[in-house]
Amino acid sequence: ANIPGYGTEEVSDHAAALLLACVRDLRIRDANLRLGRFETDISGPVYRTTGKTLGLVGYGQIGRALHRKWRGFLPQRVLVFDPYASPEAIRESGAEAVDPDRLFAEADYISLHAPLTPRTRHLINAKSLAKMKPTVVLVNTARGELIDEEALASALAEGRIAAAGLDVFER
């Protein structure tokens, strides 16, 4: 169900938290620390937020709230795909309206805030994942069925994308 205005701040906070946790690899670092493994030399890449491109799929209240909050992380650009949002309103907010293929190809971080419709079901699938950078972080706090979970699991296992922060699932 969609209840306009309900949970806008909380869900956008959660999307930001999932994104940051993935960008900084907090789950693995926390698990290592709890096992007594102290990292004095970080062996893997450490990603930044500054200067990166955020992609928002859906620019309703939650997508706009995340955009507002993410400004503090100094993104280089914010790309928005939302066929229902006015390109003028997107531009006035400091973002750029783009088609999904461009968003998938150019975004460093992608956060999903779209409704579930026949058009958006499995919007994230093997084809769209193949367009993404291998360093992309994908976050979904919207609807589980926006993502083909088998395709996502394959992309993660094969290292074709860096990470996914999911709050919702198909089942």
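The model is predicted, so local features need pLDDT of at least 70 and side-chain atom pairs pLDDT 80 or more, while totals for chains, interfaces and linings use all residues. Residues are numbered from 1 along each chain as its sequence is written, and side-chain values use heavy atoms, without hydrogens and water.

Trp70 and Phe73 form a tilted aromatic pair, 4.5 Å centre to centre with 35° between the planes (centres within 6.5 Å, using the six-membered ring of Trp; planes under 30 degrees apart are stacked, over 60 edge-to-face, the rest tilted). The structure holds 1 aromatic pair.

Next, select helix H3, residues 61–70 (helices are DSSP runs of H or I, at least four residues; strands are runs of E, at least two). Its buried residues are Gly63, Ala65, Leu66, His67 and Trp70. Helix H1 (8–23), S1, S2 and S4 are among what covers them (contact: heavy atoms within 4.5 Å). H3 lies across S1, S2 and S4 (109–112), at about 165° to S1 (axes are fitted to C-alpha atoms, for helices over the stretch in contact; angles run from 0 to 180 degrees between N-to-C directions).

Now show the sheet: 6 strands, open, parallel, in the order S3-S2-S1-S4-S5-S6 (pairing takes at least two DSSP bridges). S3 (96–97) and S6 (163–166) are at the edges with a single partner strand each, so one side of each lacks a neighbour in the sheet.

Finish on S1 (53–57) and S2 (77–81), paired in parallel over 5 bridges; Thr53 has Arg77 in S2 as its bridge partner.

Key:
Buried < 20%, exposed > 50% of the residue type's maximum accessible area, 1.4 Å probe, protein only.
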